Amino acid sequence: MHLSDEEKAMYDGRDGPAVQKAMDLLVRYGEALGAERLVETRNVCATITSTTPFQRDFAQTRGGMDAVFSEFSLDSPEVVPIPKFKVFTSHLQLGFDPGQPERMGIDTQTLQFYERSERHAAGLGAQIMNTCTPYQVGNVPTRGEHCAWMESSAVVYCNSVLGARTNTEGRESCGAAMLTARIPDWGYHRDENRHATHLVELDVEVESVQDWGLLGYFIGEQVQSGVPVVHRRGGDIGRAPNLPRLKHFGAAAASSGGVELFHLVGITPEAPTLEHALGGKKPMEVLRYGPAERRAAYERLNTTAREAEIQYVMLGCPHYTIEQIWEAAQLLEGRRLHADVQLWIFTPRAIKALADRSGHTRIIEEAGGVLMTDSCSAMSRAVPPGTRAVALDSAKQAHYLPAILGVQAWFGSTAECIEAACTGRWQGGLK
Ligand code: F3S
């Protein structure tokens with residue numbers, strides 16, 4: 001791999017042992033991928049803090065938080081002192097909401113260790129955003145900007161909607177990027193890999209958040225790790241999808257498949273035309289998405305659902321925007337949840353502060369719901385005790401939650417989920 005003089009100096013130890021280990025990791029990682037060089041990044045988004053009893057014991061016996069960072073973020077069994085990050089770094093979601101330890105089944109020791117870990121990460125320079133949607137709370141990279149991000153739903157949004165460039169990185173490569181401002185130049189950092197491989201012809205209206213989730217779920221299943229471009233023959237896609245629609249679409253495609261980049265003709269930045277998105281090449285495959293494909297995606301998402309009685313409604317995957325919280329609060333205003341149902345809504349901490357000030361949190365709580373942060377049920381493996389059936393408005397959460405916790409999942413619109421929360425019964429259906 002070719003290294004610049006600056007990179008060679010870091011590799012040779014000029015900036016201390018942690019940076020040296022980070023460069024060594026990046027060179028090994030890049031060479032394994034066939035990268036010929038590193039690219040500069042000013043934006044890292046990763047899991048940094050520690051939440052497990054194993055990591056707590058590791059810190060106690062091996063040398064504190066530097067030992068945890070060395071092992072889990074630099075892949076170094078040797079403990080090295082960790083300097084401040086060189087790069088703007090945001091923290092992603094974690095395995096529980098520290099503001100709701102009882103609900104999430106977290107003991108005091110684990111909570112205290114997490115808080116110590118959060119202080120350590122903040123001390124190194126991390127922004128404690130604690131969300132899978134950093135792009136809605138201040139981390140908004142620009143078109144062409146090279147990033148090092150983890151979290152599939154954030155990666156696909158970063159690449160596709162913002163036109164920035166990242167692969168789906170891991171904790172270790174992101175840890176190395178924080179200390180060096182470098183990441184291997186391969187995959188979606190390079191122009192030649194950003195053109196569409198699969199063409200999806202729309203033959204049905206795609207309007208609601210639920211519609212965009214269904215389309216994303218269909219596309220992910222079909223193209224797997226390909227790059228889809230969505231197009232309507234002889235017309236445009238329709239009303240431009242807003243942030244919640246694009247967020248749900250990308251998250252669904254990254255769940256049923258491994259989509260890290262998509263193009264919507266006339267909407268996303270690298271698809272002003274179909275020809276441009278395809279880079280002048282023919283697609284490997286042309287897919288049609290019509291009413292039958294839409295219904296099939298809906299039925300697959302509801303395959304685990306059997307009982308109409310539900311015990312739990314979870315909203316906020318990916319983390320809810322303020323607009324979605326406002327909509328949920330409007331649907332809940334003046335109503336009460338059914339006595340046997342719990343409603344948890346997940347959002348970033350910064351958005352919760354806004355919801356508190358805007359009065360939405362009060363409406364949700366008066367109805368009997370809870371606004372939570374930092375995590376979600378799939379990440380935390382936490383649902384209210386006694387949950388057998390869950391109502392969800394997220395294709396991603398409906399894909400993962402039955403597999404992770406063995407619960408039944410009903411997938412539908414936000415309004416159907418709120419109705420289920422207030423009546424205790426699922427009455428949704430594909431319109
Ligand atoms: Fe975020 Fe959890 Fe969904 S971390 S994308 S809310 S699975």
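Student: In this predicted model, which residues is V79 in contact with, once its neighbours within four places in sequence are left aside?

Tutor: V79 touches R62, D66, A67 and S70. What makes these contacts is the cut-off: heavy atoms within 4.5 Å. V79 itself sits in the loop between α4 (64-74) and β3.

Student: Why is V79 called partly exposed?

Tutor: Its relative accessible area is 38%. Buried would need under 20% and exposed over 50%, so with 38% V79 falls in between and counts as partly exposed.

Student: And how far is V79 from F69 in sequence and in space?

Tutor: They are 10 residues apart in sequence, and 8.4 Å separates them C-alpha to C-alpha.

Student: Let's do T51. Why is T51 called buried?

Tutor: T51 has 18% relative accessibility. The limit for buried is under 20%, so 18% puts T51 on the buried side. You'll find T51 in the loop between β2 (43-46) and α3 (53-62).

Student: What is T51 in contact with, leaving aside neighbours within four places in sequence?

Tutor: L94, G95, F96, T110, F113 and Y114.

Student: What makes β3 and β4 a pair?

Tutor: There are 2 bridges between β3 and strand β4 (residues 126-127), and the strands run parallel. The requirement is at least two, so this pair passes as well. S90 has Q127 in β4 as its bridge partner.

Student: Now the open sheet of 5 strands: what is its order?

Tutor: Going across, β13-β12-β11-β14-β15, with parallel pairing.

Student: Why do β13 and β15 count as edges?

Tutor: β13 (370-373) and β15 (408-411) each have a single partner strand, so one side of each has no neighbour in the sheet. On average, neighbouring strands here are turned by 25° against each other, direction ignored. The partner pairing of β13 with strand β12 (residues 342-347) is parallel and spans 4 bridges, and W344 stands opposite V370 in β13.

Student: How do helices α10 and α17 meet?

Tutor: The axes of α10 (residues 243-256) and α17 (residues 395-405) come within 7 Å and cross at roughly 30°. On the α10 side the residues are A251, A252, A254, S255 and S256, facing A395, K396, H399 and Y400 in α17. By class, that contact holds 5 nonpolar, 3 polar and 1 charged.

Student: How is the protein divided into domains?

Tutor: Into domain 1 (5-191), domain 2 (195-300) and domain 3 (303-423). The C-alpha centres of domain 1 and domain 2 are 30 Å apart, and 17 residues of domain 1 are in contact with 16 residues of domain 2.

Student: How do you know that the ligand lies between domain 1 and domain 3?

Tutor: Both domains give residues to the shell around the ligand, so it lies between them. The surrounding residues include Q93, C132 and E151, along with H319, M379 and K396. Sorted by class, the shell has 5 nonpolar, 5 polar and 2 charged residues.

Key: Residues are numbered from 1 along each chain as its sequence is written. This is a predicted model: local features need pLDDT of at least 70, side-chain atom pairs count only at pLDDT 80 or more; totals for chains, interfaces and linings use all residues. Side-chain values use heavy atoms; hydrogens and water are left out. A residue is near a molecule or strand if one of its heavy atoms lies within 4 Å of it. Ala, Val, Leu, Ile, Met, Phe, Trp, Tyr, Cys and Pro count as nonpolar, Asp, Glu, Lys and Arg as charged, and the others, Gly among them, as polar. Domain bounds come from an automatic or database domain assignment. Axes are lines fitted to C-alpha atoms, for helices over the stretch in contact, and angles run from 0 to 180 degrees between N-to-C directions. Buried means under 20% relative accessible area, exposed over 50%, partly exposed in between (1.4 Å probe, protein chains only).
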